Amino acid sequence: MNLKILSNKGYEFLKSKAKNHKSEFLKGIKISDEMKLDYQNHIITFDQNDIDSINKNYHIKYDYENALIIYKYFKKISAYEASDKRLWAYLSCYLFKDYTLNRWKNLQKKNVTYSTIKSRFFYDGAGLNSRERNSIARLFWGVKNTIDNNNDDDIYHLTKIYFKIQDLTTLFARNIGTYNNLLITYLKFLKENESLIDSKKIQKINKKLNLHGGVQDLSSLSNSKIYDVLNNICTRSGYDF
């Protein structure tokens, strides 16, 4: 299946439906040919088996595998192209709608808000938050920003850590997401201390790391200094590692 994207008109039409007719949108709005455009930037052909696999395996435990599938198709696109709202909305609203609906159960609640629908199906707002919230964009950016090209055995070894729990992927919505060196070093630290990969612990570490970033420019620190900061945070929090 050759990739298409939404037209601008199609994007706004679906957003309007999501806002004003939530139930109808969630049950499935037909995307007419007039609402779609051929993807011109690259020749990308999706294998139906990959589409079916992602839509079927929507649980968080499959995030890593699903992310690698998505990245396989889009690894050659530029950062500018990867910020095209029409691309991610097409994937979330059409190719991977079943995945999107099932991955986040709050989308199935009767009182689901338009804000929740918009964040998972569309790609609005400033950079980091959109990357982390959109159903499919988060998979792509999660791989792109955690690749370790210095590891010849497995360049995705940190990506596995990143997708272990939801609290790690929310790093993208915070300032840490802008500092690739910090993110990579943090993931290496967690890989060496896997007992810390626990939802409550990660939430606390993330909070304290962001607070520390308010008094010191974390982006300017060397890897060893970042390790020191993380060690101190964990020690003061009483974590054994």
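Guide: Start with a cut-off: a residue is buried when its relative accessible area is under 20%. This is a predicted model. In α5, that label goes to Leu87, Trp88, Ala89, Tyr90, Leu91, Ser92, Cys93 and Leu95.

Visitor: What makes α5 mostly covered?

Guide: The count does. Eight of the 11 residues in α5 are buried.

Visitor: Which residues meet where α1 contacts α5?

Guide: From α1, Asn8, Tyr11, Glu12 and Leu14; from α5, Lys85, Arg86, Ala89 and Cys93. These contact residues divide into four nonpolar, one polar and three charged.

Visitor: How many aromatic pairs does the whole structure hold?

Guide: The search finds 14. One of them joins Tyr162 and Phe163.

Visitor: What makes the pair of Tyr162 and Phe163 edge-to-face?

Guide: The planes are 85 degrees apart, and over 60 counts as edge-to-face. The centres lie 5.1 Å apart, within the 6.5 Å limit for a pair.

Visitor: How do you know whether Tyr162 and Phe163 are buried or exposed?

Guide: Tyr162 has 1% relative accessibility and Phe163 has 4%. The cut-off is under 20%, so both count as buried.

Visitor: Which residues do ring pairs link into a cluster?

Guide: Phe46, Tyr71, Tyr73, Phe74, Trp88, Phe96, Phe140 and Trp141. Trp88 is also among the buried residues of α5.

Key: Residues numbered from 1 in each chain as written. Predicted model: local features only at pLDDT ≥ 70, side-chain atom pairs only at ≥ 80, totals over all residues. Heavy atoms only, no water. Contact = heavy atoms within 4.5 Å. Helix = DSSP H or I, 4+ residues; strand = E, 2+ residues; numbered from the N terminus. Nonpolar A, V, L, I, M, F, W, Y, C, P; charged D, E, K, R; others polar. Buried < 20%, exposed > 50% of the residue type's maximum accessible area, 1.4 Å probe, protein only. Phe/Tyr/Trp six-rings, centres within 6.5 Å; stacked < 30°, edge-to-face > 60°.
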